[in-house]
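User: I am new to this structure. Please show me how to read its features.

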Amino acid sequence: MATELDDRILKITHQVADALVDRGWSLAVAESCTGGWISKCCTDPPGSSRWFDRGYVSYSYEAKEEQLGVIGPDLESHGAVSEEIAAQMALLARQRSGVEMTVSATGIAGPEGGLPNKPVGLVCFAWSMRGGILRSDSQVFDGD
């Protein structure tokens, strides 16, 4: 049975899909803490092959470096959960895939692993679009 959250996610997915199809664009996703869940949500609706290209699940430091080309010393200095790394993930996924838009997410899902400056529930996002647009943001989520 679909929950209210499931319904909200599906509505947002349709809005993203419509905007991408209207522009003739494709989307790729670079995920860490979500473990492929964003890609799954994107491919649930029928017709997603018209706009969804691929997903990179790069959970470890090594995967971020090997799959996406994230800079190792940046991982060490900023940590994987940072807007700097989220931005690299989005930009590099767009460059490697050749799509017009990417989104990335990296965070601390818990229940352990949080730090005073990076608590459990912290997720850093980034978006990269054709034309050099790159944005990042962070959010701390409650719950499980």
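Analyst: Start with strand 1, which runs parallel to strand 3 and is joined to it by 5 bridges. Strands pair if DSSP finds at least two bridges between them. Strands (E, at least two residues) and helices (H or I, at least four) are DSSP runs, numbered from the N terminus. This is a predicted model: local features need pLDDT of at least 70, side-chain atom pairs count only at pLDDT 80 or more, and totals for chains, interfaces and linings use all residues. Residues are numbered from 1 along each chain as its sequence is written, and side-chain values use heavy atoms, without hydrogens and water.

User: Which residue is the bridge partner of E31 in strand 3? Which one stands opposite E31 in strand 2?

Analyst: In strand 3 the partner is A105. In strand 2, V57 stands opposite E31. Strand 1 and strand 2 (residues 52-57) are parallel too, over 5 bridges.

User: Are the faces of strand 1 covered or uncovered?

Analyst: In a regular strand, side chains alternate between the two faces of the sheet. Here both faces are covered: L27, V29 and E31 on one side, A28 and A30 on the other, are all buried. Buried means under 20% relative accessible area, exposed over 50%, partly exposed in between (1.4 Å probe, protein chains only).

User: Is S77 buried or exposed?

Analyst: S77 counts as exposed, because its relative accessibility is 54%. S77 sits in helix 4 (residues 72-78). E66 is 11 residues away from S77 in sequence and 18 Å away in space, C-alpha to C-alpha.
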